[in-house]
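Subject: A structure for you to explore

Hi there,

Here is the structure I promised to pass on. Have a look at it first, and then read my notes below.

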Amino acid sequence: CLRAIMNYQYGFNMVMSHPHAVNEIALSLNNKNPRTKALVLELLAAVCLVRGGHEIILSAFDNFKEVCGEKQRFEKLMEHFRNEDNNIDFMVACMQFINIVVHSVEDMNFRVHLQYEFTKLGLDEYLDKLKHTESDKLQVQIQAYLDNVFDVGALLEDAETKNAALERVEELEENISHLSEKLQDTENEAMAKIVELEKQLMQRNKELDVVREIYKDANTQVHT
């Protein structure tokens, strides 16, 4: 019924304008029927892909956590993912949903945060166990996740390298600033000395002019 409603633009818009409806759809993951849960995840994935949908989906799973008493968000989802290993359609829908929730975000830091939520719930280890699955559809979704996953260790290493480089740049800038100050002081001292020497030169020239005048007067008196 919900799928029929959401296949029509008007019905989809109505659901999108009522986040409470999305909350109820998310709570349907508690249904025991794997096919129903797969359908729910397909609908939630569709909501997640539209503008503003990602925030609505995260809010719905925050509500799910509160209503169902989860310790961590997506805890029940991962529990179903592990326990329904005999239902490929559900596993494909689940993996597709996780891919969209984690990798449809542009902000890298937020993506790492969402990725880590699933890492804490054991997704990485479980995907390692599923790497030899015979289902091509599931393999495609698993590989899509692995291809887009961020290596947090490498990111931390890059961040440390970047921080070390920034510290070195800051140190060099301080050295340059110190050298510039010393150079300015040296230039000021040199300029002061030049001014003083010019004053002394002017004084000597004046004294020389006086001596010349005296010599000129004395020479005139001798000839007269």
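Let me start with the cysteines. C48 has 4% relative accessibility, so it counts as buried (buried means under 20% relative accessible area, exposed over 50%, and partly exposed in between, using a 1.4 Å probe and protein chains only). C94 is buried as well, at 0%. A disulfide is a covalent bond between the sulfur atoms of two cysteines. Counting pairs of cysteine sulfur atoms within 2.5 Å, the structure holds zero disulfides.

Before you go further, please keep in mind that this is a predicted model, where local features need pLDDT of at least 70 and side-chain atom pairs count only at pLDDT 80 or more, while totals for chains, interfaces and linings use all residues. Residues are numbered from 1 along each chain as its sequence is written, and side-chain values use heavy atoms, with hydrogens and water left out.

Next, the salt bridges. A salt bridge here is a side-chain nitrogen of Lys or Arg within 4 Å of a carboxyl oxygen of Asp or Glu, and the structure holds eight of them.

- K37 and E84 meet at 3.1 Å, N to O.
- E117 and R73 meet at 2.5 Å, N to O. E117 belongs to helix α8 (residues 108-120) and R73 to the loop between α5 (53-68) and α6, so the pair ties together parts 44 residues apart in sequence. E117 is buried at 10% relative accessibility, and R73 is buried at 12%. Together with D62, these two form a network of salt bridges.
- K131 pairs with D128, the closest N and O atoms being 3.4 Å apart. K131 is partly exposed at 43%, and D128 is partly exposed at 45%.

A word on the helix names: helices are DSSP runs (H or I, at least four residues), and strands (E, at least two) are too, numbered from the N terminus.

S135 lies in the loop between α9 (123-129) and α10 (136-148) and is buried at 13%. Leaving out residues up to four places away in sequence, S135 touches I88 and V92, where contact means heavy atoms within 4.5 Å. Q141 is in helix α10 and is buried at 16%; beyond its neighbours within four places, Q141 contacts V92, M95, Q96 and N99.

Enjoy exploring!
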